[in-house]
Amino acid sequence: YGRGEHMSIKTQVEVVKDSLKEYPNVRVVAAVKYFDLDKTKEIVEAGIKEIGETRKDSFVTKYEALKDMNIIWHYFGVIKIPPKLNSSFIDAIDYLHSLDSIDLANAINKTRKRKDPLKCFVQVNVSDNNNKSGLDESKVIPFIKSLEKYKKIEVVGLMTVAKYTYDDELLISYYETMRDLQKEIQSLNLSYAPCTELSMGMSSDYLLAVKHGATMVRLGTIFNK
């Protein structure tokens, strides 16, 4: 593609899928925070059925508009408690990537009306990044153990937002820490916390993340080339 030529969304989706062909079980979630409704719809039409938002109002708008498109909805954003949670918002979410407090777990458990539990990722701040949410690595297992009584929550995995860096060794160390933590949780055999998923890796480092255990990657800017 020469200067000034943009790849179509369809081509970009094919490029991403092609790059992951050795990892058939890795799921791509399109992070559509910076995309409008039309572009989000185009991504879905191009074959990515898992969509993730970071802001509640944008999530609700896109969810309402694209209801008929058979999308699996992910929410990456911080959910502030209080205010009181809205059950239609919580019921719209299939996967929440940002569970990191008992207050939030409690609020979800009270609010969710859907029969199935909310599939949650516990967010881990593995790179000691002060401006990122998430639990310190040492607090993750005690936190997960404390979730047993919440019937509307299933801990499907762990999520992290790694520091933005070009230092591959550093990134690999974060990802390996996450994988070790995941294995430790799996060895506890908690029925409500199978922890089979690792949500890590974004447009700049997703191939490194999948090599080191990611099962779900959150890609946004890559669809904007």
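Me: Which elements do the buried residues of α2 pack against?
Reply: They pack against α1 (9–19), β1 (27–31), β2 (50–53) and α3, where contact means heavy atoms within 4.5 Å. Helices here are DSSP runs of H or I with at least four residues, strands are runs of E with at least two, and both are numbered from the N terminus. One thing before we go on: this is a predicted model, so local features need pLDDT of at least 70 and side-chain atom pairs count only at pLDDT 80 or more, while totals for chains, interfaces and linings use all residues. Residues are numbered from 1 along each chain as its sequence is written, and side-chain values use heavy atoms, leaving out hydrogens and water.

Me: Which residues of helix α2 are buried?
Reply: Buried means under 20% relative accessible area, exposed over 50%, and partly exposed in between, with a 1.4 Å probe and protein chains only. In α2 (residues 37–45), the buried ones are Lys39, Thr40, Ile43 and Val44.

Me: What caps the N-terminal end of α2?
Reply: That's Asp36, with a side-chain oxygen 3.3 Å from the backbone nitrogen of Asp38. After the helix comes Gly47, whose phi is positive, near 115 degrees.

Me: How many aromatic pairs are there, and how do I read one?
Reply: A pair of aromatic rings is described by the distance of the centres and the angle of the planes. Rings of Phe, Tyr and Trp (its six-membered ring) pair if their centres lie within 6.5 Å; planes under 30 degrees apart are stacked, over 60 edge-to-face, and the rest tilted. By this rule the count is eight. One of them joins Phe59 and Tyr63: it is stacked, 6.1 Å centre to centre with 5 degrees between the planes. Both residues lie in helix α3 (residues 56–65), four residues apart, about one turn of the helix.

Me: What about Phe59 and Tyr75?
Reply: That pair is edge-to-face, at 5.6 Å centre to centre and 90 degrees between the planes. Phe59 is in helix α3 and Tyr75 in strand β3 (residues 72–75), so the pair ties together parts 16 residues apart in sequence. Phe59 is buried at 1% relative accessibility, and Tyr75 is buried as well, at 3%. Ring pairs link Phe59, Tyr63, Trp73, Tyr75 and Phe89 into a cluster.

Me: Which residue lies over the face of Phe35?
Reply: Lys39 does, at 4.6 Å from the ring centre. A charge sits over a ring if NZ of Lys or CZ of Arg is within 6 Å of the ring centre and within 35 degrees of the ring normal. Lys119 lies over the face of Tyr95 in this way, at 5.9 Å.

Me: Is strand β6 mostly covered or mostly uncovered?
Reply: Mostly covered: six of the seven residues in β6 (residues 153–159) are buried. Two strands pair if DSSP finds at least two bridges between them. β6 pairs with β5 in the parallel sense over six bridges, and with β7 (residues 197–199), also parallel, over three bridges. Leu158 is the bridge partner of Val122, and Leu198 in β7 is the bridge partner of Leu158.

Note on methods: A polar contact is a pair of N or O atoms within 3.5 Å; within protein, one must be able to donate a hydrogen and the other to accept it, and residues adjacent in sequence count only if both atoms are side-chain atoms.
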